[in-house]
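Me: I am new to this structure and would like to know what lies behind the terms used for it. Please take them one at a time.

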Amino acid sequence: MAESTNGEPRIGVYVCDCGTNIAGKVDVPAVVEFAGSLPHVAVAREYKYMCSDPGQEIIQKDIKEMGIDRVVVAACSPTMHEPTFRKAVQSAGLNQFLFQMANIREHDSWVTEDPVEATEKAKHIIDAAVHRVVFQEPLEAIEVPMNSDVLVVGGGIAGIEAALKMADAGHTVHLVERDPSIGGHMAQFDKTFPTLDCSACILTPKMSAVGKHPNIKLHTYSEVTEVDGYVGNFKVKVNKKARYVDIDKCTGCMLCTEQCVVAKVPNEFNESLDNRRAAYIPFPQAVPLRATIDPERCLQLTRGKCKQTCVEACGPGAIDFEQKDELVELEVGAIIITTGYQTFDNERIARYGYGQLPDVISSLEFERISNASGPTGGEIVCKNGEKPRSVAILHCVGSRDENYNEYCSRVCCMYSLKFSHLIKEHLPETEVYQCYIDMRCFGKGYEEFYKRLMNEGVVFIRGRAAEVTAASKRQAETEGKLLVTVEDTLLGVVRHLPVDMVILSSALQAQPDAKEVAQLFGFGCSSAGFYIERHPKLEPVSTVTDGIFIAGCCQGPKDIPDTVAQAGAAAAGALALVDNRTVKIEPTISYIDPEKCSGCHICVGLCPHNAIVYDAELDAAQVIEAACKGCGVCVSACGSNVPVQRGFTDEQIFAEIEGALA
Amino acid sequence: MAELTTTAQKKHLHEVFCKDVMSMPEGSKIKQCQQCGACSGSCPTGYLMDRGPREVIAAFRAGMIDEILKGNTIWMCTSCYSCTVRCPADIRITDLMYELKRLAIKYDLIPRDAKAPALTKYFIDSVQKHGRNHETEMLSKFMATKDWSLGPKFGVMGMKLFAAGRMPLTATDIKGKDEIRKLAEYVESKEVAVP
Amino acid sequence: MKYSYFPGCSSEATGKTYDMSAKAVCEKLGVELVEIDDWNCCGATSYFSARELLSFAISARNLAIAEQMGPEDVVCTCNSCWTILAKTNAYMAESPHLAEEVNDALAQIGKSYSGSLKVRHIAEVLINDIGVEAIAEKATRRLTGIKVAPYYGCQFTRPMGGDWDDFEFPKILDGLFEALGATVVPYVMRSKCCGGTMMLTAPEGALKMCHDLLQCAVDDQADAIVCACPLCEMSLEGYQPRVNSKFGTSFNIPVMYFTQLVGYALGCDPKDLGLDKQIVSVDKVLASVPA
């Protein structure tokens with residue numbers, strides 16, 4: 001093996017064409033020639049795909065045969081291939097931190113129009129990396145124990161699926177759900193497209209399995225309030241809201257919910273189509289089947305005065321008005337976020353009359369009306385109790401519209417077809433119109449379902465409905481009807497459809513607090529509020545934070561099959577981590593030399609991760625390696641420049657700047 | 001009305017339309033039309049049009065904007081902006097209608113039975129002359145040239161308005177009426193002439 | 001409070017009573033309207049239909065003069081004037097290229113407009129700057145018993161007013177009339193077009209639109225329709241006889257500018273509000289107001 005003879009660094013620079021991604025814009029041979037001329041550079045090479053096996057072998061060969069002891073790869077973003085090249089360097093016997101990546105794709109060729117400018121920019125970026133790598137030092141990854149427990153946030157179908165998978169694999173799973181019961185939106189649905197399985201029939205066995213699973217610790221009526229730590233060792237605080245019922249004593253007998261004197265509380269589970277009491281169990285299949293007392297509506301809790309009929313009715317004496325919120329601290333190795341979606345507020349589109357015209361209803365309202373356990377016992381009826389003789393279903397309400405949400409909500413075409421089927425099944429004589437822009441029936445069995453509905457006699461009108469109005473009282477034939485105005489775009493004729501009921505196929509939106517939740521867990525949101533995956537194709541359920549995964553509609557609108565598939569993928573991702581006994585963490589963390597530290601404590605208070613403690617014996621601050629995240633706050637805060645962030649030393653950064661400006 | 005007979009003429013008209021639209025604020029959004037028909041369904045006069053606003057954009061896509069100018073569509077637009085505020089693609093459809101009206105006037109492509117262009121002309125004449133629109137003058141010119149029957153139809157109302165002082169016979173001239181003329185001359189000098 | 005006032009061409013003719021009543025209301029409320037010196041026609045739909053740059057240029061001449069007079073907001077009474085001036089203002093702000101072209105034109109007449117002004121509708125100014133409560137406090141007559149159909153008209157908020165009221169279902173005047181004691185009927189057609197611009201050129205369409213608007217007010221059992229635009233007022237009031245003869249109806253419903261009825265509540269002299277100049281008599285409505 002050749003070695004540097006005089007102790008000077010010997011740098012290898014490898015410039016990637018990335019097919020035409022880089023070479024199509026940047027003059028790579030010129031860049032290679034330039035790199036070869038830089039100080040300490042022993043070799044500079046071009047290759048079509050550096051990340052491929054032959055590409056990596058070039059680097060490894062040079063390390064072994066030419067004594068290359070510093071490597072710069074000029075290619076794509078380090079978030080893409082830094083791990084690839086680090087491994088390649090390491091397996092050739094060089095410490096992986098003696099490698100530096102220069103991003104000439106995302107930072108250059110993709111975003112620069114002029115080829116000459118792009119080539120010049122590439123030279124500067126490489127120059128910076130070469131200057132920096134000279135000062136890089138070998139570092140060893142720190143290995144810490146892995147906590148094998150996991151946390152799932154959100155108890156809809158995604159959270160249920162992920163929790164069951166991981167619990168079955170033998171891990172302790174904490175499942176945190178904001179509402180009193182798990183089940184999410186799927187518990188509200190009647191049938192599921194395209195197979196028309198009863199939603200409850202396929203969901204409740206899973207819910208009940210969660211409730212009974214020895215490895216699942218269910219925290220309902222609870223919210224995560226704080227997240228700290230890092231992959232393998234997250235510390236999470238969960239606020240268990242007081243439900244004013246001792247969950248261990250309550251048997252779910254429902255006597256309190258029948259005796260409660262506050263009767264007119266809008267029932268969220270039935271989309272406020274009927275009422276529940278202040279003491280309530282959201283639905284008969286709730287898990288846990290335990291009562292909750294609504295603190296905003298209970299007379300005892302709001303006014304301090306009530307006959308307390310619930311207490312009288314409760315045999316086991318489970319009701320406890322003195323109960324307080326409880327803060328639970330959990331330690332887990334990985335986290336899966338499955339916080340779901342909310343539906344679009346239909347009142348924002350005034351012209352559809354939602355909230356003004358009683359028989360203009362939302363999609364979730366229709367789910368409840370058509371459901372046998374819903375407020376009408378499964379009878380599809382208008383507000384006046386009569387069966388609709390005609391129904392219009394309006395697609396894309398709040399979707400595919402720059403005034404509201406630009407995106408397609410993906411599920412509305414299919415659930416609208418399902419609604420049509422349910423109407424035709426219950427009321428064969430009823431005319432059903434679907435006002436659609438494009439029918440998006442892309443899943444397995446979906447197109448077939450569309451065809452089936454055409455055969456069932458549903459009328460498809462291609463056009464976005466313009467407005468819904470109450471028909472004039474003056475025209476006997478349409479009196480009392482709703483008029484849907486829509487252009488039949490295939491005919492070029494504006495139609496006024498007289499119907500008894502209008503169903504708005506409302507968009508799926510991110511949860512109202514999606515941004516705060518993303519911030520809490522440390523990843524990003526799209527402008528629409530959906531969580532951003534690490535890579536849209538290859539890491540669709542990972543986030544930029546190691547050890548935190550996402551699944552289901554919190555990542556974007558999707559149907560049940562896709563949600564369940566993502567939940568499984570997220571569970572596999574989490575299991576792949578927590579099945580290890582240890583986790584390696586980046587050594588690019590802070591170090592404090594006790595000899596130089598004056599013990600002033602400034603950094604101790606400023607560290608956002610509580611990773612610095614004061615050691616009285618040394619009279620100096622000391623970094624807890626496992627807790628430090630390498631954020632650099634202590635480095636910039638110290639008046640005497642004592643903390644050093646490995647991998648980001650002053651020397652390295654100044655050299656990098658010098659190179660960039662050269 | 002002039003007629004576009006050759007393909008080259010039609011193509012030219014289409015190109016002018018595209019160029020003008022793309023230079024209008026947010027004009028390029030015309031490209032993202034979903035053909036959903038929210039505009040046509042929302043148009044209060046759509047039922048009077050040979051083709052609704054959606055078809056205007058379809059014609060743009062097909063390179064057949066002359067098809068629209070043959071009909072009465074643009075002259076039935078009241079500028080109520082219903083289509084514009086409802087358009088899910090944020091297309092300023094009312095502005096497209098204006099652009100087409102301008103082209104029709106410029107290239108003399110006005111259907112014989114369309115009366116709106118004459119009213120537009122008399123309105124502008126009045127403003128160019130006085131600096132403000134003299135409603136009475138505009139009305140009488142329109143009646144005299146386009147629709148005699150309006151006289152008796154509006155007679156009673158006109159008398160009532162006149163009696164209430166709401167229909168003055170004389171115009172107010174603004175001091176700066178020359179400035180209006182100068183603006184018009186300047187703009188005209190900047191415009192590309194019809195080939 | 002002081003504003004630059006753009007009366008619009010109608011203020012000298014059919015819309016005279018809008019101008020009179022707006023001024024009377026503002027005087028009562030201590031709002032100073034300073035008329036834009038030597039203003040010209042906004043250009044309306046006609047100029048946009050003929051010459052794009054010229055329409056922006058003549059519209060901007062008014063803004064240029066107003067800007068020179070002072071930094072006060074420009075206030076319009078007419079929906080259409082507001083739409084055109086606000087659109088000119090907004091488009092010039094959106095497109096530096098257009099702003100440059102317009103200023104090149106204005107330079108020919110020794111003027112320029114930097115885009116510093118706001119263009120506002122009088123309804124929005126009274127409600128957002130003075131306030132419903134402050135107006136109601138100054139009222140000397142309660143409009144109790146009057147059922148009002150608020151007809152905002154199509155261009156009330158369009159296309160640039162989405163930030164101060166809804167495009168489809170504006171409601172700021174509802175609250176004002178309720179505070180003054182009147183009953184506001186639902187009037188779901190409140191923002192539908194009256195067809196005014198095509199009353200002469202395609203009357204069959206325009207009269208149908210007027211008919212539907214009048215019918216809706218009658219179905220809602222309104223005693224009067226209040227408007228915020230001279231063209232709307234003219235269509236609904238002036239063309240009632242023609243609607244009746246075409247559709248066999250017998251509409252005789254009073255139509256007023258909202259400022260006329262607000263002024264009446266504020267105790268202005270009905271003559272100063274031009275209430276004697278209406279074509280459909282408003283006497284019966286006013287007589288029902290308790291003394």
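Reply: Across the interface of chain C and chain B, 26 residue pairs are in polar contact, both residues at pLDDT 80 or more. The model is predicted, with local features needing pLDDT of at least 70, side-chain atom pairs pLDDT 80 or more, and totals for chains, interfaces and linings using all residues. Residues are numbered from 1 along each chain as its sequence is written, and side-chain values use heavy atoms, without hydrogens and water.

Me: What makes a pair a polar contact?

Reply: A polar contact is a pair of N or O atoms within 3.5 Å, where within protein one must be able to donate a hydrogen and the other to accept it, and residues adjacent in sequence count only if both atoms are side-chain atoms.

Me: Why is the pair R61(C) and E179(B) called a salt bridge?

Reply: The term asks for a side-chain nitrogen of Lys or Arg within 4 Å of a carboxyl oxygen of Asp or Glu; the closest N and O atoms of R61(C) and E179(B) are 2.7 Å apart, so the pair is a salt bridge. The count between chain C and chain B is 10 salt bridges.

Me: What is the area buried between chain C and chain B?

Reply: Buried area is the accessible area (1.4 Å probe) that two parts lose on being put together, summed over both, and here the value is about 5800 Å², with carbon and sulfur atoms giving 61%. S49(C), L200(C) and T201(C) supply 11% of the area that chain C buries against chain B, more than any other three residues.

Me: How many residues are in contact between chain C and chain B?

Reply: With contact meaning heavy atoms within 4.5 Å, 64 residues of chain C touch 59 residues of chain B.

Note on methods. Chains are lettered from A and ligands numbered from 1 in the order in which they are written.
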